[in-house]
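Subject: the structure I promised you

Hi,

Here is the structure we talked about, with the sequence alongside. Have a look at it first, and then read on for what turned up.

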Amino acid sequence: MAMLLKGADAAKALTEQLREQAEELKKNGTEPCLAILRVGAREDDLSYERGALKRCEKVGITVRQVVLPEDAGQQELMDNIRSLNEDERVHGVLMFRPLPKHLDDEAARRALDPRKDMDGITDGSLAAVYAGTDGGYPPCTAAACVALLKHYNVPIKGKRVVVIGRSLVIGKPVSLLLLAEHATVTICHSRSENLPAICREADILVVAAGKAGMVGAESVRAGQIVLDVGIHVGADGNLCGDTRFAEVEPIVEAITPVPGGVGAVTTAILASHVIEAAKRS
């Protein structure tokens, strides 16, 4: 039976550290503040927003909610982004995407100041991840993968990591973050040849393909650490990941549950980005 890498434990430990840092900032006259910018009311946005609000409350971060109607115009959106960029009391901005189809997503991303981009959606933030500088912040879910491994003292340096997925949200940034931790990283995707064989070579397997049940027993071996980043609603109505958990769990050394794994750490990473932004200010 594999060890379950539960995100709640890692998130709790990080939250306690962040609470102390937030208190120290407040003593020095800085009130950490996150602005949440949302257009419309998508259920997945609302769910993440509720989690972010709870996490920020636990840490001691003030949250300003900026909610625009579903039919908001481009100018209204851009004006709000500009206002948040210029407001020195706001240290970070979480802008939910995808935006409604009538809005120019690229223009909105370009307008957001990378120094306030808490979830790595701007080109400036992604460039900072690529260059390994502090000019921005990585996507929270990608950073949560690394934080989870570190919390459970999983060795990364020198290890062979296989990442399934090449998105700008998880696949590419988590590969760069793990490379920065001195792992040897291979990026695969749904069109990679001999994918199961490549996966079995990994010490750490990160599954972020966005396809339910893509990885099963044929792709894993004993001794592996598996991070399942996917989350889907299965045919039985229950949440499931990108792995076929019942097949994979008995084989590998450790695996993240879905739900309750990587996703549980993302709001703690978001809070850590806000605290860091407040320090930099």
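**What I found**

Let's start with the largest pocket: its lining divides into 22 nonpolar, twelve polar and eleven charged residues. Here nonpolar means Ala, Val, Leu, Ile, Met, Phe, Trp, Tyr, Cys and Pro, charged means Asp, Glu, Lys and Arg, and polar means the others, Gly among them.

Before going further, note that this is a predicted model: local features need pLDDT of at least 70 and side-chain atom pairs count only at pLDDT 80 or more, while totals for chains, interfaces and linings use all residues. Residues are numbered from 1 along each chain as its sequence is written, and side-chain values use heavy atoms, leaving out hydrogens and water.

**The two pockets**

The search ran on a 1 Å grid over the protein atoms alone, and a pocket is an open set of points with protein on both sides within 12 Å along at least five of seven lines (a cavity is a set where a 1.4 Å probe fits but cannot get out); lining residues have an atom within 4 Å of a point. Points are joined across faces, edges and corners, and the volume is the space filled by probe spheres set on them.

The largest pocket comes to about 1400 Å³. It has 45 lining residues, and Tyr48, Thr141, Val169, Ile231 and Thr266 lie nearest its centre. Elements giving two or more residues to this lining are α2 (43-59), β4 (92-95), α6 (140-151) and α10 (263-280). The largest share, eight residues, is from α2. These labels are DSSP runs numbered from the N terminus: helices are H or I with at least four residues, strands are E with at least two.

The second largest pocket has a volume of about 750 Å³. It is lined by 31 residues, and Pro138, Ala143, Leu177, Ser272 and His273 are the closest to its centre. Two or more lining residues come from each of α1 (7-27), α5 (123-131), α6, α7 (171-180) and α10.

**The sheets**

Strands of a sheet pair through backbone hydrogen bonds, either parallel or antiparallel. Two strands count as paired if DSSP finds at least two bridges between them.

Two bridges connect β1 in parallel to β11 (residues 254-255), and Met3 stands opposite Ala254 in β11.

A three-stranded open sheet runs β3-β2-β4, again with parallel pairing. Since β3 and β4 stand at the edges with a single partner strand each, one side of each has no neighbour in the sheet. The average twist from one strand to the next is 20°.

Is strand β2 (residues 33-39) enclosed or open? It is largely enclosed by the rest of the structure, because seven of its seven residues are buried. Buried means under 20% relative accessible area, exposed means over 50%, and partly exposed is in between (1.4 Å probe, protein chains only). Cys33, Ala35, Leu37 and Val39 point one way from β2, while Leu34, Ile36 and Arg38 point the other. Strand β2 is joined to β3 (residues 62-68) by seven bridges, with Arg38 opposite Val67. Four bridges join β2 to β4, where Ala35 has Val93 as its bridge partner.

Val262 sits in the loop between β11 and α10, and it is buried at 2% relative accessible area. Its C-alpha atom is 6.1 Å from that of Cys145, although the two are 117 residues apart along the chain. Contact means heavy atoms within 4.5 Å; beyond four places in sequence, Val262 is in contact with residues including Thr141, Cys145 and Asp228.

Most residues other than glycine have a negative phi, and most peptide bonds are trans. His182, in the loop between α7 and β6, has a positive phi near 75° and counts as exposed at 53%. Asn194 has a positive phi too, near 55°, and is exposed at 61%. Cis peptide bonds join Arg97 to Pro98, with omega about 5°, and Val258 to Pro259, with omega near 0°.

Enjoy exploring!

Key: Axes are lines fitted to C-alpha atoms, for helices over the stretch in contact, and angles run from 0 to 180 degrees between N-to-C directions.
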